[in-house]
Amino acid sequence: MSWETLAYTDAGIELLMDAVSGKQLTITQAVGGSGLANAAVLHAQTDITGERHLLELMGIEPVEENGSAARRVKIRITGAEDTYTLHQIALFGRQSGAAEDTLLLLVQDDRGVEIPAASTDQEFEFVFTVVIAISRDAEISLNLSAEMQSLQLFVEERIQEHDLSPESHKDFRIAAAKMQADIDILQLKIATDVTANPFSVTFESLDGLTVAGVWNADLARIEF
């Protein structure tokens, strides 16, 4: 499985050039094809070859490819209604105000990948990445399915909950608190005019101390 044959279509090149000039281009769909075409004429195609199978767009992100700016598009392929061999993967896009989608590019593999029927293999998943070599200034967005949008929102919410939880990154929080305590002690020693015998108290333990508040043993401090 090589997927080494990639071709930008003639119409796709025009839309990508327009995107660099500031016109909005939305990648609307990813489609798989079961057929093969002569690599020399892929640039002239307007659709995939063979049976059409809708694939799922997962996301787009700016990257560098061989030192040049590019966009990486992730595509998820899962079980189909019936088993087939995937030979082509295509991206379609639409310029703002256009009535129809345009085939932007095709990736082709002569050997292909056998995609099982979902009824026999519900866990099958194949994630494919397409890298589009294009300027960082290009106005390109992606149409995500409702399922992917919900998944992204769910992941973002779980990450936010994790980062805000006092139980997360406890080792780092403890280390940061101890460092801040050391800094505070140094500031007190340097900035305070002490004329008698100096002393300091820590709250790593409460032996011999009487305090008000709640003792946070992990962070070695008293909380109010």
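**Close-ups of a predicted chain**

**View 1. The whole chain, element by element.** Starting at the N terminus, the elements of the chain run β-α-β-β-β-β-β-β-β-α-α-β-β. That gives 3 helices and 10 strands to look for. Keep in mind that this is a predicted model. Of the 224 residues in the chain, 33% are buried. Take the contacts between residues at least 6 apart in sequence: 67% of them join residues at least 24 apart.

**View 2. Helix H1 and its buried side.** Zoom in on H1, residues 10–20, and you'll find Gly-12, Leu-15, Leu-16 and Ala-19 buried. These four sit on the same side of H1, because they cover an arc of only 100 degrees around the axis. Here's the handy rule behind such patterns: an α-helix has 3.6 residues a turn, so residues three or four places apart point the same way.

**View 3. The other face of H1, and what follows.** Turned away from the buried side of H1 is a face that carries the exposed residues Glu-14 and Met-17. Just after H1 comes Gly-22, with a positive phi of about 115 degrees.

View 4. The chain has an average pLDDT of 80, and 73% of the residues score at least 70. Among the elements, strand S5 (residues 84–95) has the highest mean pLDDT, 94, while helix H2 (residues 146–164) has the lowest, 53. Over residues 144–155 the pLDDT is below 50, and this stretch has 13 contacts in the model beyond near neighbours in sequence.

Notes
Residues numbered from 1 in each chain as written. Predicted model: local features only at pLDDT ≥ 70, side-chain atom pairs only at ≥ 80, totals over all residues. Heavy atoms only, no water. Helix = DSSP H or I, 4+ residues; strand = E, 2+ residues; numbered from the N terminus. Buried < 20%, exposed > 50% of the residue type's maximum accessible area, 1.4 Å probe, protein only. Contact = heavy atoms within 4.5 Å. pLDDT = per-residue confidence, 0-100. Arc of directions from axis to C-beta.
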